[in-house]
Amino acid sequence: MPRKSSVAKRRKKGRKKSTKFLSGSSSSFRHWDLVISLPFAFLRFFAAENLHLAGGARLSTVRRVSSPVANISAYLFAELTDLKSLRERLLAFCKQRRLKGTILLSTEGINLFIAGEREKVDELVELLRAIPGLEGLKPKYSPSDHQPFSRMLVRIKKEIIAFGVEGIEPAKYTSPRVEAATLKQWLDEGKPVVLYDTRNDYEVKLGTFKGAIPAGVDHFRDFPEAVAALPEEMKEQTVVTFCTGGIRCEKAAPFMEQAGFKNVFQLEGGILKYFEEVGGAHYDGECFVFDQRVGVDPALRETPAAVCFACQTPLDETEQIDPRYVAGASCPHCYKSDADQLAERIALRQEALERVCSPLPGSVPYDNHCPVRIPAECDGLTLLDALCRLFAHVERTFWEDLFAQEKLLLLSGEPVAPEQIVRAGESYLRLLPATVEPDVATGIRVLHEDEAIVVLHKPAPLPMHPSGRFHRHSLQWLVNAAWDPEKPRAVHRLDANTTGIVVFGRTRRYAGKMQEGFKRGAVEKVYLVKCQGHSAADEFQCDAPISRESSRLGARMIDEDDGHEAKTIFKVIARQPDGTALLEARPITGRTNQIRVHLRQLGHPIVGDPAYLADGSLGEKQTLDVGDPPLCLHAWKLAFDHPVDGRRMEFVDTPPAWA
């Protein structure tokens with residue numbers, strides 16, 4: 001059975017789909033000699049160019065003709081030169097004669113599969129044999145009642161069979177050959193011989209010689225590594241390499257000799273020649289072939305085997321009735337459950353996030369232009385007065401110094417005066433040259449992703465949005481970079497010092513629908529909190545209104561007169577001997593800093609809070625530094641309705657160490 005890596009690699013390379021022809025359409029392709037010389041990549045191209053299925057899949061587009069079409073396949077290792085000129089000559093020659101198919105040219109030889117009128121095909125063979133080095137070309141003929149190719153291609157390749165090892169030149173040397181009848185005689189007599197299958201795993205799956213050792217490779221380029229893993233004692237034994245039609249053994253057997261194997265033979269004509277001459281003796285199963293038949297039995301008759309569209313793995317009859325086999329979509333070897341697909345997406349996104357965060361983008365100096373938008377309440381003020389109102393916690397002299405340094409700019413980049421009268425909706429720029437941002441936590445984890453939403457674990461300290469000293473070192477900026485060209489939008493926010501679950505919408509529309517759920521109270525939020533002191537009750541709540549405007553550090557206060565309605569329900573999980581308590585907090589409303597403000601109001605400030613201190617004052621730091629003791633507030637659970645189909649989704653994040 002093919003290894004999973006084989007399936008994954010073939011899918012990753014994006015090989016185009018191929019399948020069996022419809023019943024009856026391949027009756028004239030019974031002869032194995034049509035395909036013995038063709039490398040997999042060439043025949044995959046053949047399938048992709050000539051297969052079209054109803055409903056969007058692909059199958060053969062055939063042209064019926066009144067007389068049989070002659071098909072030839074051939075390969076020959078020979079030293080060829082002036083390939084560009086030869087390519088042009090052959091392409092013109094074939095097009096003039098309406099021949100179609102593919103010819104691969106390399107300095108090491110030629111590999112071809114051509115179809116057309118027999119007379120015209122013979123003319124091509126005569127031309128090829130006139131080329132120095134190709135005098136011994138021996139094509140194999142087979143008739144068909146249709147033209148299997150849609151166009152004529154002549155391509156120049158580094159190798160006619162991809163191997164990638166220097167010094168292996170079949171035109172100059174090949175290992176001794178053993179004929180099919182001789183190999184059968186050896187096996188009949190029980191002669192000690194090691195049969196080594198040089199084919200790829202997916203080919204071996206359909207059948208191989210009894211007792212043969214498979215190379216266990218996904219691609220012929222992996223063959224040297226497979227040989228290196230063979231037992232040392234095998235170098236003293238008689239080894240017979242074999243493949244489908246012999247072309248791979250032209251390189252595999254000499255390579256094994258170079259690797260120290262002393263008695264190596266290659267099976268002349270491969271498995272299919274063996275079938276033709278001696279039948280299926282000592283062989284189990286069928287032989288995978290690189291055409292529409294997929295597999296042939298020892299009588300060279302087409303078998304019921306099929307090929308999975310998605311991963312190109314050959315499938316027997318049992319696998320074709322497996323419920324995981326969906327024509328054109330999946331098979332038992334490549335089927336992935338929804339959970340598997342989610343895990344794969346998450347792994348890719350996680351890799352992207354790690355690339356974005358290493359190194360942190362704001363750790364390299366850059367010129368930062370922070371936008372300042374003028375709200376309606378500042379319309380008609382001077383720019384200096386507007387800035388002082390917008391940033392009430394910042395001293396007026398700070399802005400005056402920036403004006404003096406010409407670091408407050410129009411959108412055009414020109415300096416602006418402090419007396420500039422501003423209008424609502426205008427934007428200005430604050431220049432921060434050679435900015436290096438403070439370090440932030442980078443342990444962002446992807447918890448879920450689908451067509452509409454992204455759910456993340458936010459570490460701390462890490463601001464949600466660009467502000468103050470942080471621009472590139474914000475969750476939104478990092479997410480935009482990792483999801484580029486998409487720009488997911490945060491549906492809600494957590495404080496820079498708070499860890500836990502955050503939801504993003506993949507588009508503005510999905511983010512908007514999610515935000516409506518938060519406004520309606522349809523989202524259930526549960527936090528873990530470690531606070532100072534022990535409450536009298538195990539369950540309690542706070543509904544003190546929270547101020548509409550921020551104060552120094554952007555903090556909010558209790559405002560009984562004009563504050564926003566706010567309500568938080570608390571439940572004690574554990575009372576600790578050190579005088580702290582672990583709580584479950586459920587914010588019913590969603591005000592800025594709500595849990596922090598309410599607990600401080602109740603006399604139980606959160607452990608590690610740098611802003612809302614126990615004595616009722618405000619601290620001097622808004623965002624913690626990496627390495628500081630953490631703010632013990634964690635967005636633990638989140639439940640909401642999916643914006644596409646309305647299904648209820650629930651997420652639980654791993655509690656932090658302090659919990």
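Reader: To begin with, what percentage of the residues of the protein count as buried?
Author: Keeping in mind that this is a predicted model, 52% of the 659 residues of the protein count as buried.

Reader: And how many helices and strands does the secondary structure come to?
Author: There are 16 helices and 31 strands in the protein. As for how the chain is brought together, among contacts with a separation of 6 or more, 68% are between residues 24 or more positions apart.

Reader: Let me pick out some helices, then; at what angle do α11 and α14 pack?
Author: Helix α11, which covers residues 338-357, packs against helix α14, residues 475-483, at an angle of about 120°, and their axes are 9 Å apart. That angle makes α11 oblique to α14, and the crossing of the two helices is right-handed.

Reader: Which residues make that contact?
Author: On the α11 side they are Arg349, Ala352, Leu353, Val356 and Cys357, while α14 contributes Leu478, Ala481, Ala482 and Trp483. Sorted by class, the contact of α11 with α14 has eight nonpolar residues, no polar ones and one charged one.

Reader: Why do the numbers in such a list come in steps of three or four?
Author: An α-helix has 3.6 residues a turn, so residues three or four places apart point the same way.

Reader: Changing topic to sheets, what is the order of the strands in the open sheet of five?
Author: The order is β8-β13-β12-β9-β11, and the pairing is parallel. At the edges stand β8 (177-178) and β11 (213-214), each of which has a single partner strand, so one side of each is left without a neighbour in the sheet.

Reader: How many bridges join β8 and β13, and how many join β12 and β13?
Author: Between β8 and β13 the parallel pairing runs over two bridges, and there Val178 has Leu267 of β13 as its bridge partner. Strand β12 (residues 238-242) pairs with strand β13 (residues 263-267), also in the parallel sense, over four bridges, with Thr238 standing opposite Asn263 in β13.

Reader: Is β13 largely enclosed or left open, and why?
Author: Four of the five residues of β13 are buried, so the strand is largely enclosed by the rest of the structure. Helix α8, made of residues 249-258, lies across β8, β9 (194-197), β12 and β13, and runs at about 175° to β13.

Reader: What about the open sheet of three strands, is its pairing parallel or antiparallel?
Author: That sheet has the order β19-β21-β20, and its pairing is antiparallel. Its edges are β19 (366-373) and β20 (408-409), and each has a single partner strand, so one side of each is left without a neighbour in the sheet. The pairing of β19 with strand β21 (residues 427-435) extends over seven bridges, and Pro371 stands opposite Leu429 in β21.

Key: Residues are numbered from 1 along each chain as its sequence is written. This is a predicted model: local features need pLDDT of at least 70, side-chain atom pairs count only at pLDDT 80 or more; totals for chains, interfaces and linings use all residues. Side-chain values use heavy atoms; hydrogens and water are left out. Axes are lines fitted to C-alpha atoms, for helices over the stretch in contact, and angles run from 0 to 180 degrees between N-to-C directions. Angles under 35 degrees count as roughly parallel, over 145 as roughly antiparallel, 65 to 115 as roughly perpendicular and the rest as oblique. A crossing is left-handed if the near helix is turned anticlockwise from the far one by less than a right angle, and right-handed if clockwise. Contact means heavy atoms within 4.5 Å. Ala, Val, Leu, Ile, Met, Phe, Trp, Tyr, Cys and Pro count as nonpolar, Asp, Glu, Lys and Arg as charged, and the others, Gly among them, as polar. Two strands pair if DSSP finds at least two bridges between them. Buried means under 20% relative accessible area, exposed over 50%, partly exposed in between (1.4 Å probe, protein chains only).
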